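Reader: I am new to reading structures. Please take me through this one feature by feature.

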Amino acid sequence: MTPCIRLDTRNLTSVVSDAEISALQPRIRKLHEDLEAGKGKGADYLGWLRLATQTPDSLVDDLERTAAAIRNQCDAFVCIGIGGSYLGARAAIAFMGNTFADQVSREERGGPAMLFAGQNISSDYHADLMDLIRDRDVCLNVISKSGTTTEPAIAFRLLKEKVEQKYGKTESRRRIFVTTDQHKGALKKLADNEGYKTFVIPDDVGGRYSVLTPVGLLPISVSGIDIRELLGGAKEWESLGSRTAGLEENLSYLYAAIRYLMYQKGKSLEILASFHPSLGYLLEWWKQLTGESEGKEGKGLFPASVQFTTDLHSLGQWIQEGNRIVFETFLLMESSRRQLNIPPSEDDGDGLNYLAGKSLDFVNDKAYKGTAMAHLEGGVPNLSIHVKGRTPRDLGQLIAFFERAVAMTGYLLEINPFDQPGVEFYKKNMFTLLKKPGFEKGK
Ligand code: PA5
């Protein structure tokens, strides 16, 4: 396998030495064995470890067939879900797609506009969305593992009503797709009663590790991305990740070791920074993966993200000179898909002729290097994750890289990286305030 990912750790040595990283190797080896043997914390949720490797061809065929039919059938595809049932698909579609996919014509896009609902309870958001799809041919994909999450349930009720008013019950059944648990939950029951086409989220895969299940694969395929290539990349990293715990080769563990040591040294906030807007939702996905997995028992790095160079003109000030509790991880693309060069100008009125003939990638790379140096000098150690490009294979490897790194960081912190007990607290209060049956007295 050719890795699509490499790490540059040279800007860390002021805080974390190579010797300290190597000293963690025996512990990581032991934790790796526990992870692989299912002996660590949260062992019921390790399906993601071999998800791409074990996805049957028949499921990929079914997903691709369904996606192709949806692409023909509609010009707006609304994915309804929140958290892990939303961010992975959105990140993948933004990572690989046209930046302005929703603004270009259907012909140019080659498929429906990809829209999202149920990731908030905003009346304006959902009312605007319903206006937007009023005159479009619509399909819905409602995604919820538990099948009981309030936000997507409300959005689905609203959108289902619109779709049924427009097409009638029978035709609506051809336009509604459900991704949920195989056996339980209100959504599963509703899907069975209505006869909707349903895809299953495996029992042993938690929400934020589910992008390579139908949760992510169906929307990603509908958007026109090759999911076989995506799974192919993930499979490569899955086998590398399980074959060796060695920190020179298993970069997931090297990244985990660095994050753990940073945390031990009081760098309790990690900023993931990119220089490409197409990575914006991947940063959001990473924040959910790390924050929900690691923030427990009073421990865990706080995951933040910035999009450079945009945020160099806002949060850049804080990173340069604010509270020194942070380290930075740059997520870099080795090359853009399309190249633009800066043209010469006869009068050089803007003074940019010194860059004439240079590519935007060249300038962006210097912006990264200048930023990394400045932040290091300001007391912010940094590392870089270099990704080859924006192909499905690159992304597949990157997803598997991060998932394994976060699992290992959680094990180093001695917490269960696969549960999320803290998420229930707001729900309980909200249900009490809403007088949900069973929660009247704050049960
Ligand atoms: O990672 C998780 O488990 C969560 O973020 C869930 O994905 C999120 O809460 C949505 O849950 P569900 O898919 O059950 O609607």
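This is a predicted model: local features need pLDDT of at least 70, side-chain atom pairs count only at pLDDT 80 or more; totals for chains, interfaces and linings use all residues.

Reader: Which N or O atom of S146 is 2.7 Å from an oxygen atom of the ligand, one in the backbone or one in the side chain?

Author: To read such a pair, take N or O atoms within 3.5 Å as a polar contact. In S146 the atom belongs to the side chain, 2.7 Å from a ligand oxygen. With K145, a backbone N or O atom lies 2.7 Å from an oxygen atom of the ligand. With G84, a backbone N or O atom again takes part, at 2.9 Å from an oxygen of the ligand. As for cover, the ligand taken alone exposes 380 Å², and the protein buries 88% of that.

Reader: G84 has come up. Which side chain reaches the backbone oxygen of G84?

Author: That of S210, at 3.4 Å. The side chain of S210 also reaches the backbone oxygen of G207, at 2.6 Å. S210 sits in the loop between β6 (197-200) and α10 (214-222).

Reader: Is S210 buried or exposed?

Author: Buried means under 20% relative accessible area. S210 has a relative accessible area of 1%, so it is buried.

Reader: How should I read the largest nonpolar core, and which members touch the most others?

Author: The general idea is that in soluble globular proteins nonpolar side chains tend to be buried together. In this model the largest nonpolar core has 91 residues, and W285, L331, I385, L398, F401 and F402 touch the most other members. Helix α16 (residues 392-412) gives the largest share of this core, 12 residues.

Reader: Why does this core lie between domain 1 and domain 2?

Author: Because both domains give residues to it: domain 1 (5-40 + 230-412) and domain 2 (48-225).

Reader: What should I look for in the backbone?

Author: Most residues other than glycine have a negative phi, and most peptide bonds are trans. A cis peptide bond, with omega about 5°, joins F308 and T309. T309 lies in the loop between β8 (302-307) and α14 (316-321).

Reader: What is phi of E297, and where is the residue placed?

Author: Phi of E297 is near 55°, a positive value in a residue other than glycine. E297 is in the loop between α13 (280-294) and β8. Its relative accessible area is 58%, so E297 is exposed.

Reader: What is phi of D348?

Author: Phi of D348 is near 50°, a positive value, and the residue is not glycine. D348 belongs to the loop between β9 (326-333) and α15 (360-377). Its relative accessibility is 27%, so D348 counts as partly exposed.

Reader: How many residues apart in sequence are P417 and L289, and what is their distance in space?

Author: They are 128 residues apart in sequence and 9.3 Å apart in space, C-alpha to C-alpha. P417 is in the loop between α16 and α17 (424-434). At 0% relative accessibility, P417 counts as buried.

Note on methods: Residues are numbered from 1 along each chain as its sequence is written. Side-chain values use heavy atoms; hydrogens and water are left out. A polar contact is a pair of N or O atoms within 3.5 Å; within protein, one must be able to donate a hydrogen and the other to accept it, and residues adjacent in sequence count only if both atoms are side-chain atoms. Accessible areas come from the Shrake-Rupley method with a 1.4 Å probe; for residues, only the protein chains shown count as cover. A nonpolar core is a set of buried Ala, Val, Leu, Ile, Met, Phe, Trp, Tyr and Cys residues joined through side-chain atoms within 4.5 Å. Buried means under 20% relative accessible area, exposed over 50%, partly exposed in between (1.4 Å probe, protein chains only). Helices (H or I, at least four residues) and strands (E, at least two) are DSSP runs, numbered from the N terminus. Domain bounds come from an automatic or database domain assignment.
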